[in-house]
Amino acid sequence: QVQLVESGGGLVQPGGSLRLSCAASGFTFSVYAMRWYRQAPGKERELVAQISGRSGSTNYADSVKGRFTISRDNGKNTVYLQMNNLEPEDTAVYYCRADRSGPYREYWGQGTQVTVSS
């Protein structure tokens, strides 16, 4: 049974940090690209960061470059999102997604709330 279990969300003050985790099971984690998305009320879902399964190449949305870092531990089947210097605009529900091509498959986590407020 495929599962993506997220943790680490919560309330933090502007300028603070959080680390999100997404623990995967039920599929071959190392061959899947992992991505973090977020969605704030009234806004479209946004791709925040992604990391490839094989090379570990990373990409970030312009809005989080220099502040967020995506990483993965294939031995623990877990992907992380380290978020530093958080801003109120980062407030959203954050989702992790696993996907691969040939054949295409994708799985989504349940989402975790991040609130940045003073």
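Here are some worked exercises on the predicted model shown above.

A word on conventions: residues are numbered from 1 along each chain as its sequence is written. In this predicted model, local features need pLDDT of at least 70, side-chain atom pairs count only at pLDDT 80 or more, and totals for chains, interfaces and linings use all residues, while side-chain values use heavy atoms, with hydrogens and water left out.

**Exercise 1. The fold in outline**

Task: Work out how many helices and strands the protein chain has, and check its radius of gyration against that of a compact globule.

Solution: 
- Step 1. Helices (H or I, at least four residues) and strands (E, at least two) are DSSP runs, numbered from the N terminus. The protein chain has 11 strands and zero helices, so its pattern along the sequence reads β-β-β-β-β-β-β-β-β-β-β.
- Step 2. The radius of gyration is taken over C-alpha atoms, and the globule rule is 2.2 Å times the number of residues to the power 0.38. For 118 residues the rule gives a value near 13 Å; the protein chain has 14 Å, which agrees with a compact globule.
- Step 3. Along the principal axes, the C-alpha atoms of the protein chain fill a box of roughly 45 × 25 × 25 Å.

**Exercise 2. Burial, contacts, surface and charge**

Task: Describe the protein chain by its share of buried residues, its contacts, its accessible surface and its charges.

Solution: 
- Step 1. Start with burial, where buried means under 20% relative accessible area, exposed over 50%, and partly exposed in between (1.4 Å probe, protein chains only). Of the 118 residues in the protein chain, 42% are buried.
- Step 2. Contact means heavy atoms within 4.5 Å. Taking contacts between residues at least 6 apart in sequence, 53% join residues at least 24 apart.
- Step 3. Accessible areas come from the Shrake-Rupley method with a 1.4 Å probe, and for residues only the protein chains shown count as cover. The protein chain has an accessible surface of about 6200 Å², and carbon and sulfur atoms hold 44% of that.
- Step 4. Lys and Arg count as positive and Asp and Glu as negative, without His and the chain ends; each charge is placed at NZ of Lys, CZ of Arg, CG of Asp or CD of Glu. The 13 positive and 10 negative charges have mean positions 8 Å apart.

**Exercise 3. The disulfide**

Task: Find which cysteines form a disulfide and which parts of the chain they link.

Solution: 
- Step 1. A disulfide is a pair of cysteine sulfur atoms within 2.5 Å. The structure holds one: the sulfur atoms of Cys22 and Cys96 are 2.0 Å apart.
- Step 2. Cys22 belongs to strand E3 (residues 18-25) and Cys96 to strand E9 (residues 92-100), so the pair links distant parts of the chain, 74 residues apart.
- Step 3. Both Cys22 and Cys96 are buried.
- Step 4. The torsion about the S-S bond of Cys22 and Cys96 is about 40°, which means that the disulfide is right-handed.

**Exercise 4. Backbone details in the loops**

Solution: 
- Step 1. Pro103 sits in the loop between E9 and strand E10 (105-108).
- Step 2. Asn77 is not a glycine, yet it has a positive phi of about 55°.
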